[in-house]
Amino acid sequence: MRFPAYIPPGWLQNGFAMTLHAGFQTSHNWENTVFALEPPYQQQIFTGARNTPLFGLLAIPENARGTVVATYGIAGNLEDQWLLRIWGRKAYASGYAVVLFDWRAHGKSLELSPALTSDGLYEGEDFLRIASQAQSWGCPRKFWFVGLSLGGQMALWAGKTTAGILETQDIGGIAAICPSLDAKRSLSYLLGHPQGRYIEKGIARSLKKLAGQIHDAHPGAIDPAAIDRIDSIWAFDHELVIGNLGFPTVEAYYDATSPLYFLPSLEIPTLIIYAENDPFFDPAIAPDLEAACAKNPQINLLLTKYGGHAVYANSHKGQKQANDPDIWWAWNRVLQWMEGDQVF
């Protein structure tokens, strides 16, 4: 499958600059960048793996052609995850039913349950169970599992999970934008670079805040002393996550949950969009990703030189060349892949 080249604005060719600009500038005016309107969402409570309640938003257009189930990355909630909300608008305008959900320990799902994150071990099944329940509420097949960043990692886990919840023929495919693929290597990379340390500290603060919110919403679920000890991503997983999942070390947990190593065995059609200059991840992962995907004909890998972390804001030249309705190059490629276009 051939895709139009991604051509960022010249001043946003640096991945860190692209990511910062999106976070501090585009996040405040994103509604002016997309023509599709907000879908008429209805709030729903889904039941995920291990009977975990998960909050979601659901919208079904007339004569829906399929359903997308999607979530966001390592921190945030449905109210502030604007890149995901853009995807919901575009998918709905293209005729798809849309389910967006707060994943475990995030947003309103956090208010419903103290269940902690598992980087895909349970979240992959969550995707499947959400789709099954959405189907019973009128969402049509086929189902498309979509995520960005850590949400992309969890969507990939939905392709690995064999829980007997959905028939394989009811799944259209998986689309992951800049998924986390090898947590151990990427965390070491972040800690070894000045820009990376800035990113890591920001994520760690969000995770510590998240832990405090769980404690406040579910007294007794988390030891306050453990929250006080969280000063890094690694510490969050060490203090709160690995014990409940039965892993002896954080490193063992990262090895078990990183999708890079199971990509060759995925049997569900998959699109991975990944930027070589993503500042969140070790650049050495890109060639390994390319090698892993080359072994699996079910995977379409779109490996780009630029893009930053899941942003992919296009230039005027790039938008015109791709014949896109807006600047959101990656989301437009996902839609075209879902619709089966072979040549762009």
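Trainee: Is tryptophan 144 buried or exposed?

Mentor: Tryptophan 144 is buried, with a relative accessible area of 11%. Keep in mind that this is a predicted model.

Trainee: What does tryptophan 144 form with tryptophan 337?

Mentor: The two make up an aromatic pair, one of 15 in the count. The geometry of tryptophan 144 and tryptophan 337 is edge-to-face, at 5.5 Å centre to centre and 80° between the planes. Tryptophan 144 sits in strand β5 (residues 143–148) and tryptophan 337 in helix α13 (residues 329–338), so the pair ties together parts that are 193 residues apart in sequence.

Trainee: And tryptophan 337, buried or exposed?

Mentor: Tryptophan 337 counts as buried, at 8% relative accessibility.

Trainee: Which residues form an aromatic cluster?

Mentor: Tyr6, Tyr312 and Trp329 form one.

Trainee: Let's zoom out. How many helices and strands does the chain have?

Mentor: There are 13 helices and eight strands in the chain. The C-alpha trace spans about 55 × 50 × 40 Å along its principal axes.

Trainee: What radius of gyration would a compact globule with 344 residues have, and what does the chain have?

Mentor: A compact globule with 344 residues would come out near 20 Å, and the chain has 19 Å, which agrees. As for burial, 59% of the 344 residues count as buried.

Trainee: Of the contacts between residues at least 6 apart in sequence, how many join residues at least 24 apart?

Mentor: That share is 76% in this chain.

Trainee: Now helix α5. How many of its residues are buried?

Mentor: Helix α5 covers residues 150–160 and is mostly covered itself, with 10 of its 11 residues buried. Among them are Leu150, Met154, Leu156 and Trp157, along with the glycines Gly151, Gly152 and Gly159.

Trainee: What do the buried residues of α5 pack against?

Mentor: Their partners are the strands β3 (67–71), β5, β6 (171–177) and β7 (270–275), plus the helices α4 and α10. Strand β5 is also where tryptophan 144 lies.

Trainee: Next, α9. What length does it reach, and what is expected?

Mentor: Helix α9 (residues 233–245) has 13 residues and reaches 17 Å from its first C-alpha to its last, close to the 18 Å expected at 1.5 Å a residue.

Trainee: Where does α9 bend?

Mentor: At glutamate 239, by about 40°.

Trainee: Which residues of α9 are buried?

Mentor: The buried ones are Ile233, Ala235, Phe236, Asp237, Leu240, Val241 and Ile242. Residues three or four places apart in an α-helix point the same way, because there are 3.6 residues a turn. The buried residues of α9 pack against α6 (183–191), α7 (194–217), α8 (224–228) and α10 (250–257).

Trainee: What comes just after α9?

Mentor: Glycine 246, which takes a positive phi of about 85°.

Trainee: How many salt bridges does the count come to?

Mentor: The count comes to 13. Another one joins arginine 104 and aspartate 126, where the closest N and O atoms are 2.7 Å apart. Arginine 104 lies in the loop between β4 (97–101) and α3 (107–112) and aspartate 126 in helix α4 (residues 123–136), so this pair ties together parts that are 22 residues apart in sequence.

Trainee: Are those two buried or exposed?

Mentor: Arginine 104 counts as buried at 3% relative accessibility, and aspartate 126 is buried at 1%.

Trainee: And glutamate 38, what does it form with arginine 85?

Mentor: Those two form a salt bridge as well, with the closest N and O atoms 2.3 Å apart. Glutamate 38 is in the loop between α1 (15–29) and β1 (42–47), while arginine 85 is in helix α2 (residues 82–93), 47 residues apart. Glutamate 38 counts as partly exposed at 30% relative accessibility, whereas arginine 85 is buried at 15%.

Trainee: Which residues do salt bridges that share partners join into one network?

Mentor: Glu31, Glu38, Arg85 and Arg89.

Notes:
Residues numbered from 1 in each chain as written. Predicted model: local features only at pLDDT ≥ 70, side-chain atom pairs only at ≥ 80, totals over all residues. Heavy atoms only, no water. Phe/Tyr/Trp six-rings, centres within 6.5 Å; stacked < 30°, edge-to-face > 60°. Helix = DSSP H or I, 4+ residues; strand = E, 2+ residues; numbered from the N terminus. Buried < 20%, exposed > 50% of the residue type's maximum accessible area, 1.4 Å probe, protein only. Expected span 1.5 Å × (residues − 1). Bend = angle between axes of the 7 residues up to and from the residue. Contact = heavy atoms within 4.5 Å. Salt bridge = Lys/Arg side-chain N within 4 Å of Asp/Glu carboxyl O. Rg over C-alpha atoms; globule rule 2.2 N^0.38 Å.
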